Amino acid sequence: MFYFTIIGTDDNPVYEAEFTTAKSSFRPDIKELNPYIVHSALDIMEYLQWQRQPNLEVNTNTGGFLRSRHTMQENSYLGKIDSFYGLVVSGFLTYGNIKFIMVHGNGVVDDPTTKTFYYEVYELYLKTLMNPFYKVNDPISNPTFDSKVRVLAKKLFT
């Protein structure tokens, strides 16, 4: 069981989906907390994004401007960023500051599988951005996008 969401640059939810099976689903009391768990993970993602880099030169004239942790060699997969009552939260940060966050209901993050999922969804998201009628931070209501994300999740996580 997984709860996946895409958060826009204004910290607004752009897309959300829950992937469950007949055998496993979130308990009702935890299910309603998923958006709050994701919201609390945003602060951690922003901290990781803007943390100081020990190998980068920091300009002290500007008060120690915090630099983005992303360089040309780094990818955007952050891995496990938080946990909450046995649930694990993983994150992916795009270069456009869009955040992908997933709550893993089984308490374990399978890094290669989760990383593949994030990159595949990121490719789908980029294709959505190329649509001239879509604006960044608007909710994604395209049923094709939703079905492709769900098929991908079913293929990778079951």
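1. Two strands count as paired here if DSSP finds at least two bridges between them. The model is predicted. Strand β4 (residues 87-93) and strand β5 (residues 99-104) meet that criterion, pairing in the antiparallel sense over 6 bridges. Within this pairing, Gly-91 stands opposite Ile-101 in β5.

2. The link between β4 and β5 is a hairpin with 5 residues between the strands. Asn-97 in this hairpin takes a positive phi near 70°.

3. On its other pairing, β4 joins strand β3 (residues 77-84), again in the antiparallel sense and over 6 bridges. Ser-83 has Val-88 in β4 as its bridge partner. β3 and β4 also form a hairpin, this one with 2 residues between them. Tyr-85, in the turn, has a positive phi of about 45°.

4. How many of the 7 residues of β4 are buried? The count is 7 of the 7, so the strand is largely enclosed by the rest of the structure. Burial covers both directions: Leu-87, Val-89, Gly-91 and Leu-93 point one way, while Val-88, Ser-90 and Phe-92 point the other way, and all are buried.

5. Now the surface. Leu-126, Leu-129 and Val-136 form a nonpolar patch there. Together they have about 210 Å² of accessible area. Leu-126 sits in helix α3 (residues 111-129).

Technical notes
Residues are numbered from 1 along each chain as its sequence is written. This is a predicted model: local features need pLDDT of at least 70, side-chain atom pairs count only at pLDDT 80 or more; totals for chains, interfaces and linings use all residues. Side-chain values use heavy atoms; hydrogens and water are left out. Buried means under 20% relative accessible area, exposed over 50%, partly exposed in between (1.4 Å probe, protein chains only). Helices (H or I, at least four residues) and strands (E, at least two) are DSSP runs, numbered from the N terminus. Patches are made of residues with over 30% relative accessible area and no salt bridge: like charges are joined within 9 Å, nonpolar side chains (Val, Leu, Ile, Met, Phe, Trp, Tyr) within 5 Å. Accessible areas come from the Shrake-Rupley method with a 1.4 Å probe; for residues, only the protein chains shown count as cover. A salt bridge is a side-chain nitrogen of Lys or Arg within 4 Å of a carboxyl oxygen of Asp or Glu.
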